[in-house]
Amino acid sequence: MIPFLDLQQINARHADELNAALQRVVHSGWYVLGEETAELERAFARYCGVPHCIGVANGLEALQLILLAYGIGAGDEVIVPSHTFIATWLAVSHTGAKPVPVEPEPHHYTLDPERIERAITSRTRAIIPVHLYGHPADMDAIQAVAKRHGLRVIEDAAQAHGARLRGRAVGGLGDAAAFSFYPGKNLGALGDGGAITTHDDRLNETLRKLRNYGSSRKYQHDLMGLNSRLDEAQSAVLRVKLRHLDEDNRVRCKIAQQYCALLQGTSVELPTVHEEAESVWHLFVVRSQQRDALQAYLQQHGVGTLVHYPTACHRQLAYQHVSWPSLPLAEQYAREVISLPMSPLLRTEDVQAVAAAIRGFDRSSG
């Protein structure tokens with residue numbers, strides 16, 4: 001069986017380093033907002049090419065905190081991709097603002113800059129492009145639209161640790177960026193975690209209060225904040241794994257190249273990369289008009305897959321109370337996308353076996 005993702009084996013590669021890091025935290029006696037988190041924040045800020053990184057509890061709250069810090073709330077609108085994980089939408093909704101979906105670019109799955117302008121109204125306050133599946137959104141074009149209309153640009157970089165566009169790392173391409181460190185991410189913790197990166201000094205100060213009950217000093221609360229703090233154990237784990245991230249991303253890129261070469265001429269539609277982008281291939285997503293039959297066939301032949309995401313956000317029960325515009329691409333992708341195995345542990349023979357299974361499906365469905 002070729003698993004979709006084997007986190008146990010991925011983490012086992014760094015067992016000695018991880019055990020030492022966790023022991024360091026246990027013996028320190030300091031478990032929240034200590035030196036481990038401060039060191040991770042400094043290291044990840046450098047990695048993203050920004051002056052500030054704020055560790056928080058998870059990726060959803062990273063987005064929500066940025067919106068709150070910018071004063072976005074009831075009566076406001078925020079442009080989001082129609083095709084994304086629902087956390088992007090939920091972050092907007094939890095502030096009281098309204099998510100306004102815009103369809104993706106057909107080939108890269110990221111927010112289409114040409115469609116954004118038509119969705120802007122007098123209530124629009126921000127745009128949240130998602131670097132989906134590890135591929136950077138076209139930030140220069142999106143920033144140009146935002147500048148014309150005086151809008152904030154908040155990157156959802158939850159799937160794109162280390163991705164670059166025109167030589168610049170995601171996390172520093174907008175006003176602020178939200179990252180998730182969920183275990184399955186390219187840079188994954190051993191539990192939940194998240195971070196915000198920004199060039200904005202004032203935003204940094206506000207966010208450090210908001211994540212900690214609105215406080216900068218104990219028992220003094222300047223803002224109505226949250227409890228959204230990245231703990232010391234996860235920070236220590238992430239410091240270890242950050243040192244290995246670039247090499248893991250290089251392996252992912254090699255695997256993606258192998259998939260693309262081996263799957264040419266098959267029935268699946270392959271992903272493409274913007275010529276000036278460096279994807280980190282968090283997921284390798286193909287499309288098939290027979291997606292469910294293909295997934296079942298691959299499972300029968302020892303290949304694990306997942307579907308990201310089988311129900312479009314606007315079709316979720318959580319949003320059934322809203323009347324949405326027609327979003328045909330989001331619905332098409334929900335029917336057709338399937339994620340093939342992708343991890344730094346995948347071997348060439350595994351990629352070959354996956355490709356052979358897909359060709360076998362093509363022959364069987366004739």
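View 1. Just after α3, G49 takes a positive phi of about 75°. This is a predicted model, so local features need pLDDT of at least 70 and side-chain atom pairs count only at pLDDT 80 or more, while totals for chains, interfaces and linings use all residues. Residues are numbered from 1 along each chain as its sequence is written, and side-chain values use heavy atoms, with hydrogens and water left out. Helices (H or I, at least four residues) and strands (E, at least two) are DSSP runs, numbered from the N terminus. Helix α3 covers residues 35-48, and its 14 residues should span 20 Å at 1.5 Å a residue, which agrees with end C-alpha atoms 20 Å apart; the expected span is 1.5 Å times one less than the number of residues. Buried residues in α3 are E36, T37, A38, L40, E41, A43, F44, A45 and C48 (buried: under 20% relative accessible area, 1.4 Å probe, protein chains only).

**View 2. Around F181.** Leaving out residues up to four places away in sequence, F181 touches F44, H161, L187, G188, A189, G191, G193, G194, A195, L230 and L238 (contact: heavy atoms within 4.5 Å).

View 3. A cavity is a set of points, on a 1 Å grid over the protein atoms alone, where a 1.4 Å probe fits but cannot get out, and lining residues have an atom within 4 Å of a point. Points are joined across faces, edges and corners, and a volume is the space filled by probe spheres set on them. Of its 17 lining residues, I10, K185, N186, K241 and D248 lie nearest the centre. By class, the lining has 6 nonpolar, 6 polar and 5 charged residues (Ala, Val, Leu, Ile, Met, Phe, Trp, Tyr, Cys and Pro are nonpolar, Asp, Glu, Lys and Arg charged, the others, Gly among them, polar).

**View 4. The second largest cavity.** Here the volume is about 90 Å³. Y133, H135, P271, T272 and W281 lie nearest the centre, out of 13 lining residues. That lining divides into 8 nonpolar, 5 polar and no charged residues.

Definitions and conventions. 1 Å grid on protein atoms, 1.4 Å probe; cavity = no way out; pocket = protein on both sides within 12 Å on 5 of 7 lines; lining within 4 Å. Buried < 20%, exposed > 50% of the residue type's maximum accessible area, 1.4 Å probe, protein only.
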